[in-house]
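Work through the exercises below with the sequence and the model in view. Try each task before reading its solution.

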Amino acid sequence: MKITAIENFLVDKGGPAPWLFCAIRTDSGITGYSEYGQGSLYKGLPGLIEDLGRSLIGQDPRPVDKIFMDMYRNRRAETGGATAMAMAGIELALWDIKGKDLGVPVYRMVGGPFREKQRVYWSHLATYRVRRAEQLGKPPLRTMEDIADCAREAVDAGYTAFKTNIIFPGENPSMINNMFAGANDQNAPTQLVRHAVEQIGAMRQAVGPDIDILLDINYNFKTEGAIAIGRALEEFDLFWLEIDNQDPDALLQLKMAQRTPICTGEQLLGLRQYQPYFRKHAMDTVKVDVQWQGFSQAKKVAELAEVYELNIAPHNYNSHLSSFQSLNLTASVSNVRIMESDVDSAPWRDEITTAVPEIKDGYMTIPTGPGWGCDLDEVAAKKYAFEG
Ligand SMILES: [Mg+2]
């Protein structure tokens with residue numbers, strides 16, 4: 001079998017950045033698909049895939065780890081960041097080809113399945129409705145009670161866990177974001193801490209003590225601010241406080257300074273980047289993104305985490321193909337805390353893939369189809385092509 005072509009698809013997801021997909025075609029008629037990377041890099045990443053892919057034409061796609069290692073070694077001057085994400089896009093599509101060639105799911109090629117279903121949380125609960133309530137056909141977020149209603153909606157839909165962000169309801173609702181972080185030097189003013197307490201308090205009151213609430217504060221606070229938020233929210237028994245912070249010692253300080261468990265790591269790519277955090281035991285749960293670093297790297301990170309008595313949580317906020325890729329990871333490893341799942345999404349999301357995950361009582365069923373168990377629908381992908 002030989003690779004004959006590599007193609008990118010950029011698909012509108014209803015926001016300023018697209019979903020990114022890669023298709024690798026072969027002379028056997030099998031096409032492998034991947035969802036990869038970070039949509040906001042939609043000009044750079046597809047270009048990197050083209051650059052990296054050129055030398056793969058004519059190669060056998062099946063020695064997946066060898067091809068990845070060859071790309072890694074050949075790109076030794078620029079192995080991280082966007083290059084790593086593009087390498088992941090190629091590697092993921094190769095795994096899909098290999099699975100389809102053998103007629104088995106990816107997890108069956110690596111010793112799985114470890115499970116038949118995966119617990120998921122409703123992610124970005126209320127968050128996407130800040131700017132896109134109308135597009136999603138949902139009521140606007142005028143008051144804290146409207147945010148509490150979102151929490152009730154997740155429970156009514158069968159979810160036992162949800163994740164949100166700090167949101168300011170009102171006539172023009174807004175959320176905490178990078179603009180905020182820049183304007184505030186990543187500080188957490190008392191008023192803001194009180195606001196977070198009010199929001200999480202309203203959500204906790206709405207769902208009671210048995211539903212797990214997760215809060216992601218991203219890059220919005222320095223360690224001191226994150227400690228203030230974590231301490232103030234202790235009374236609500238968060239499942240985790242999620243933060244992106246680039247210093248393992250700072251994260252350890254945050255973990256030790258307050259009682260809320262810490263989840264972090266989504267921005268890390270590959271074993272070498274995770275290892276310093278593991279050595280410090282700087283987190284309680286390890287965020288791992290399959291789309292950003294590839295399947296083998298994510299699996300190795302999970303296995304190294306296991307050595308350090310840590311469980312992983314896949315970072316997964318894209319289209320359904322990304323959920324299928326992430327489910328193949330959780331079915332391949334023994335140490336999973338929970339998995340992310342976006343529910344609010346572009347109304348046409350179900351159209352652009354050939355399968356949608358089955359969700360029952362807050363669990364996604366591990367797929368059984370060959371490869372990822374889900375393809376990009378190329379006709380729909382063209383219909384909803386991202387125009388920029
Ligand atoms: Mg996050």
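**Exercise 1.** Does V336 count as buried or exposed, and at what relative accessibility?

Solution. The model is predicted, and local features need pLDDT of at least 70, side-chain atom pairs count only at pLDDT 80 or more, while totals for chains, interfaces and linings use all residues. Residues are numbered from 1 along each chain as its sequence is written, and side-chain values use heavy atoms, with hydrogens and water left out.

Step 1: recall the cut-offs: buried means under 20% relative accessible area, exposed over 50%, and partly exposed in between (1.4 Å probe, protein chains only).
Step 2: V336 has 13% relative accessibility, so V336 counts as buried.

**Exercise 2.** Find where V336 is located and which residues V336 is in contact with, leaving aside neighbours within four places in sequence.

Solution. Step 1: V336 is in the loop between α14 (320-330) and β13 (339-342). Helices (H or I, at least four residues) and strands (E, at least two) are DSSP runs, numbered from the N terminus.
Step 2: contact means heavy atoms within 4.5 Å. With those neighbours left aside, V336 is in contact with R115, Q118, N311, I312, P314 and T330.
Step 3: for G29, 307 residues away along the chain, the C-alpha atom is separated from that of V336 by 35 Å.

**Exercise 3.** Identify the protein donors of the magnesium ion and their spacing along the chain.

Solution. Step 1: donors are N, O and S atoms within 2.8 Å of the metal (3.2 Å for Na, K and Ca); water is not among the atoms, so sites may look incomplete.
Step 2: D216 (OD), E242 (OE) and E266 (OE) are the protein donors, at 2.0 to 2.3 Å from the magnesium ion.
Step 3: their spacing is D-x25-E-x23-E. E242 belongs to strand β9 (residues 240-242) and E266 to the loop between β10 (262-264) and α11 (271-280), so the pair ties together parts that are 24 residues apart in sequence.
Step 4: E242 counts as buried at 1% relative accessibility, and E266 counts as buried at 9%.

**Exercise 4.** Describe the protein chain as a whole: its secondary structure, its radius of gyration and its burial.

Solution. Step 1: the protein chain has 15 helices and 15 strands.
Step 2: its radius of gyration is 20 Å, close to the 21 Å that the globule rule gives for 388 residues, so the protein chain is as compact as a globular protein of that length. The radius is taken over C-alpha atoms, and the rule is 2.2 Å times the number of residues to the power 0.38.
Step 3: of the 388 residues, 58% count as buried.
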